[in-house]
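Here's a quick tour of a protein chain, from its overall fold down to its aromatic rings. Take a look at the model before reading on.

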Amino acid sequence: MMTVYDALEKRHVMPRAWDDWADYRKQWSDWIIRYSKRDTSILIVGAGACNDYDLEHFSKFYGKIYLFDLEEQPMREGLRRVPAARRKKFKLLTGDLLGIQPQQYQSFCVKVQGAINRHGKGIDLGALAEYALPMVEEMYTFSRAQRKKLVLPWADYVAVAGVHSQVNHMLPWIWEAYMQAIAQREGTLFQRIAQENSLLMEELNDKLLASAGRRLFVAAEKSRAGVPGGVEGAYQALGDLKRRVDGKNLLLTDSRSVPWPFDLRQGMIYEMEQLVLTTDPSQK
């Protein structure tokens, strides 16, 4: 049975990203290399197909490159852009930054869709939210236990771009789809998701900083053009990282804002806040 989750999963495939992101990819990759030393190691978290990283350039500069993502296949696709002779520098690693399984999302969709089918579009959305909330709590309890098992590998440098907003994005996507289907609005689940993001982003930043021997490079969505407010997940992550900067054990070496043409066909342009965070104060 096809669920809302299955339909939304297809939106992750962006066949034009490599071409559309060319300028952004060069800016981001060059910036990372500018603050790195040659023949060191780098870990790219949430690598995917690496449409926002110039892996060929990286393969000439770094001695070891770790790619980390939920699935191996997209990383293999990105690795095809690297000359075969330099692919031995790469190691592909898989792991789940959130810890909710596809079947859990599918079960959630089946139950929520069933309730809507029984009551029709006139269903009381507040009552539907009350019905859905215990399932969300169960998923988050499960995910927290799963995340405790995840340890990211150590590297001299760690880079993460456009990931914080995506870690916990599926539940709000699903809920938004149902609200659009029944033409009603309700904020309870969104509030709960935002609350979880505050905890989740702190945990993820803990792991990223612990893995970064010298520096952590972060790019997160500061805002979306034409849409008021911050971007969920990225907002909490950026705030948490800035609060940690103490000028002693964690330094904010550089920062800037760069436009990211995520999907120009849908008018989706993000203002990315990029940070260079130095975890080893001896680095210059």
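In the protein chain, 77% of the contacts between residues at least 6 apart in sequence join residues at least 24 apart; a contact here means heavy atoms within 4.5 Å. Keep in mind that this is a predicted model, where local features need pLDDT of at least 70 and side-chain atom pairs count only at pLDDT 80 or more, while totals for chains, interfaces and linings use all residues. Residues are numbered from 1 along each chain as its sequence is written, and side-chain values use heavy atoms, leaving out hydrogens and water.

**Fold and size**
- You'll find eleven helices and seven strands in the protein chain, counted as DSSP runs (H or I, at least four residues, for helices; E, at least two, for strands).
- The C-alpha trace spans about 60 × 40 × 40 Å along its principal axes.

- Of the 284 residues, 49% count as buried, meaning under 20% relative accessible area with a 1.4 Å probe, protein chains only.

**Aromatic rings**
- There are 14 aromatic pairs: rings of Phe, Tyr and Trp (its six-membered ring) with centres within 6.5 Å, called stacked under 30 degrees, edge-to-face over 60 and tilted for the rest.
- Phe 58 and Tyr 62 make an edge-to-face pair, because their ring centres are 5.3 Å apart and their planes sit at 75°.
- Both Phe 58 and Tyr 62 are buried.
- Ring pairs also link a cluster that includes Trp 28, Trp 31, Phe 58 and Tyr 62.

Note on methods: Buried means under 20% relative accessible area, exposed over 50%, partly exposed in between (1.4 Å probe, protein chains only).
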